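Trainee: Before we start, I would like to go through the labels used for this model and hear what each one rests on.

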Amino acid sequence: MKKTKGKIEWIRVSAVVHATEDREKVGEAIATLFPFEFEIAVSRATGHYGNPIEYLEVELKNRREIELFWKNLMKLLGEQRDFLLNSLEDRIDRENTLHIRIDKQKAYLGEVELKDGDDTIAIKVKAVTYPARREKIVEFLRDLICSTS
């Protein structure tokens with residue numbers, strides 16, 4: 001079977017730090033996903049009810065870092081990759097970005113578990129294929145998930 005040509009253009013890993021949370025702990029939860037040193041950008045905002053919140057984000061654009069992060073993530077997900085594959089089409093938006101959410105509390109404890117909903121670490125993966133049709137993106141990401149060991 002011919003592999004679909006494509007690449008991951010960037011990966012963004014982010015999490016919200018609510019007023020009741022410790023930024024260091026949320027940073028440690030994010031660190032669970034990384035096999036290398038990285039820098040977290042911190043921005044501040046005000047929540048819906050006027051509560052202070054912080055937004056932590058790591059953006060990867062370096063091809064080597066993207067590759068290392070992806071391989072590590074697939075290894076950490078283990079058998080959950082099947083669930084990721086089965087829900088793949090629902091996780092890709094109109095801009096061909098794959099959305100993966102990881103349980104923030106469990107990540108802090110060193111466990112990586114897929115979770116939909118709130119209180120998660122959001123991973124956005126921007127995929128590019130030629131041509132940039134949705135079915136090619138899905139095919140490329142499916143190949144990428146299946147072939148990463």
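**Labels and their cut-offs**

Mentor: Start with E54, which is buried, with a relative accessible area of 14%. The model is predicted, so local features need pLDDT of at least 70 and side-chain atom pairs pLDDT 80 or more, while totals for chains, interfaces and linings use all residues. Residues are numbered from 1 along each chain as its sequence is written, and side-chain values use heavy atoms, with hydrogens and water left out.

Trainee: Why is E54 called buried?

Mentor: Buried means under 20% relative accessible area, exposed over 50%, and partly exposed in between, with a 1.4 Å probe and protein chains only. E54 has 14%, so the label is buried.

Trainee: What makes the pair of E54 and R44 a salt bridge?

Mentor: The term requires a side-chain nitrogen of Lys or Arg within 4 Å of a carboxyl oxygen of Asp or Glu. For E54 and R44 the N to O distance is 3.3 Å, and their side chains meet in a salt bridge. E54 lies in strand 3 and R44 in strand 2 (residues 41–46), so the pair ties together parts ten residues apart in sequence. Helices (H or I, at least four residues) and strands (E, at least two) are DSSP runs, numbered from the N terminus. R44, at 60% relative accessibility, counts as exposed.

Trainee: How do you know that R12 forms a salt bridge with E59?

Mentor: Their closest N and O atoms are 2.5 Å apart, and the pair is a salt bridge. This pair links distant parts of the chain, with R12 in strand 1 and E59 in strand 3 (residues 52–60), 47 residues apart. R12 is partly exposed because its relative accessibility is 26%, and E59 is partly exposed at 36%. The whole structure has ten salt bridges.

Trainee: Why is K126 said to have no salt bridge?

Mentor: Lys and Arg count as positive, Asp and Glu as negative, and His and the chain ends are not counted. The nearest side chain of opposite charge to buried K126 is E9, 6.1 Å away, and there is no salt bridge. K126 is found in strand 5. A polar atom of the K126 side chain lies 2.3 Å from the backbone oxygen of E95.

Trainee: Which residues is K126 in contact with, beyond its neighbours within four places in sequence?

Mentor: Contact means heavy atoms within 4.5 Å. With those neighbours left aside, the partners of K126 are K7, I8, E9, W10, E95, N96 and T97.

Trainee: What makes N96 and D119 stand out in phi?

Mentor: N96 has phi near 65 degrees, a positive value in a residue other than glycine. D119 has phi near 55 degrees, again positive in a residue other than glycine. N96 lies in the loop between helix 3 (81–86) and strand 4 (97–103), and its 12% relative accessible area makes it buried. D119 is in the loop between helix 4 and strand 5, and at 27% it counts as partly exposed.

Trainee: Why is L114 called buried?

Mentor: Its relative accessible area is 11%, so L114 is buried. L114 lies in the loop between helix 4 (104–108) and strand 5 (120–129). Leaving aside neighbours within four places in sequence, its contacts include L77, F83 and I100.

Trainee: How do you know that the peptide bond from Y130 to P131 is cis?

Mentor: Omega of that bond is near 0 degrees. P131 is found in the loop between strand 5 and helix 5.

Conventions. A polar contact is a pair of N or O atoms within 3.5 Å; within protein, one must be able to donate a hydrogen and the other to accept it, and residues adjacent in sequence count only if both atoms are side-chain atoms.
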